[in-house]
Amino acid sequence: MAKFEIKMPKLGESITEGTIISWSIKVGDTINEDDILFEVNTAKVSAEIPSPVSGKILEILFKEGDTVSVGTVVAIVELEGEEGEEEVSTEAAKQEEPTPASAPAPAKAEEKATPAAPAKVSEEKVSKGTADRWYSPVVLQKAKDAGISQSELDSVPGTGYEGRLSKRDIELYIDNKKKGVSTTPAPAAKASTPAAPAPSQESAPKAAPVQVTEGDQVIPMDAIRRIIADRMVASKKISPHVTNVIEVDVTKLVNWREQNKDTFKKREGVSLTYMSPIVEATAKALKDFPRINSSVDGYNIIEKKRINIGVAVSLNDGNLIVPVIKDADKLSLSGLALSVNNMANKARANKLSPDEIQGGTFTITNFGSFKSLFGTPIINQPEVAILGVGIIEKKPVVVETPEGDVIAIRHKMYLSLSYDHRVVDGMLGGNFLYRIAEYLENWNA
């Protein structure tokens, strides 16, 4: 029987380690594919880790409470399968072994393979792993029975552990194929624009040495603060930041909220905060200016189809996390309010899933929560802009009327937009920020 290594998965961007909270199995247990193996807690999320294979637990290499680096083997499974399947499993589990002399040269890996007979799926995978994809014996057998060629199998999207093809994935694919429904995504076209030149090899500047004197307290950063520190430094190095600031008259919005907040709370069960209309106005502006809803890849600008807005949430320990509201432009105001409230509660309870903190295309951070007028936020890579929201204050301002100018008390708020000057110039950044202001000043939900 072949052995398979279970590794600590990566549960989000910039996550480098996880703490094993509990094991759901013990040595000697027989497990099926997708059975829960253990629960892991990271700086951002907690998650239950399923098994990508069926078999018997041979070893558990870490105990509950241990903190383990991403990619480290935490358990070993003895695989179940027939003789024909063992070779495939062994090849996947022993990638560090040298390639036999009789194996095809690596340079020929990109040659177009001749379609193989369905019964050859397992053998074909050994020599032509197009993306180093590992398939469980169950998946291989189902593909074989359905007459699916290796190239077709490689194209089926997987939702399992580390993107692998699970039993449910292949069953759904086979079922859809029988119904004539296509589930295989079209291959992405390669950009012809040249990639960005390699970064300079100059050594990074070193921070000045810090002297610790008697009475000073040395406080090690926790895991999430280290992630924040690294990401902020990296963002400043990657993106040339420019920040625009605008003052917005939100009197109509304030009056509307005062009139509707009690009814809204009774109807929806959550408080009507200012963040919901701000997210809605931002989503509308992103549709108006799609270049802001983009990322940079070398000399390519990738304008994103989906509008996924991250909203920064301050945690009880003083750290920060950014859960993402997916397809924010398609949600109603009530839907946005429920999403904002739900995400904030889950973030503070450390219950966010990996999917809920990834895939953002734009970020909003609220300085006003801490009574700040405005700030100059740092871009959340790989996005190209971030919106900062200041506190709402009453101010005496000059208001134009048919009878002439008058002094009136209005509700004012500053918005600040930091953007990546590689792809966003002052005109675009200014127009986008002003469009958000227009939606808020003319609020009429």
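How close do the axes of helix H7 (residues 251-268) and helix H9 (residues 333-348) come, and at roughly what angle do they cross?

Analyst: The model is predicted, so local features need pLDDT of at least 70 and side-chain atom pairs count only at pLDDT 80 or more, while totals for chains, interfaces and linings use all residues. Residues are numbered from 1 along each chain as its sequence is written, and side-chain values use heavy atoms, with hydrogens and water left out.

The axes of H7 and H9 come within 12 Å and cross at roughly 70 degrees. An axis here is a line fitted to C-alpha atoms, for helices over the stretch in contact, and angles run from 0 to 180 degrees between N-to-C directions. Because 65 to 115 degrees counts as roughly perpendicular, H7 and H9 are roughly perpendicular to each other. Helices are DSSP runs of H or I with at least four residues, strands are runs of E with at least two, and both are numbered from the N terminus.

On the H7 side, Trp256, Phe264, Arg267 and Glu268 meet Leu333, Ser334, Ala337 and Leu338 of H9. Contact means heavy atoms within 4.5 Å. Leu333 and Ala337 are also touched by Ser276, as is Leu336, not counting residues up to four places away in sequence. Ser276 is found in helix H8 and is buried, with a relative accessible area of 1%. Buried means under 20% relative accessible area, exposed over 50%, and partly exposed in between, with a 1.4 Å probe and protein chains only.

The largest nonpolar core has 46 residues, and Ile292, Phe362, Ile364, Leu387, Leu415, Phe432 and Leu440 have the most contacts inside it. H8 (residues 275-288) gives the most to this core, with seven residues. A nonpolar core is a set of buried Ala, Val, Leu, Ile, Met, Phe, Trp, Tyr and Cys residues joined through side-chain atoms within 4.5 Å. Leaving aside neighbours within four places in sequence, Phe432 is in contact with Thr282, Ala285, Leu286, Phe289, Ile292, Phe362 and Leu417. Another core, of 21 residues, lies apart from the largest one and includes Trp23, Leu37, Val53 and Val77.

Val245 lies in strand S9 (residues 241-249). Val245 is partly exposed, with a relative accessible area of 39%. Beyond its neighbours within four places in sequence, Val245 is in contact with Phe374, Tyr414, Leu415, Ser416 and Leu433. Val245 and Leu433 are 188 residues apart in sequence, yet 8.2 Å apart in space, C-alpha to C-alpha.

Turning to the strands, an open sheet of four has the order S1-S8-S6-S3, with antiparallel pairing. Strands S1 (3-7) and S3 (30-31) stand at its edges with a single partner strand each, so one side of each is left without a neighbour in the sheet. Two strands pair if DSSP finds at least two bridges between them. S6 and S8 (residues 73-79) pair over five bridges, and Gly55 stands opposite Leu79 in S8. Ser54 is found in the loop between strand S5 (46-50) and strand S6 (55-60). Ser54 is buried, with a relative accessible area of 14%.

Note on methods: Angles under 35 degrees count as roughly parallel, over 145 as roughly antiparallel, 65 to 115 as roughly perpendicular and the rest as oblique.
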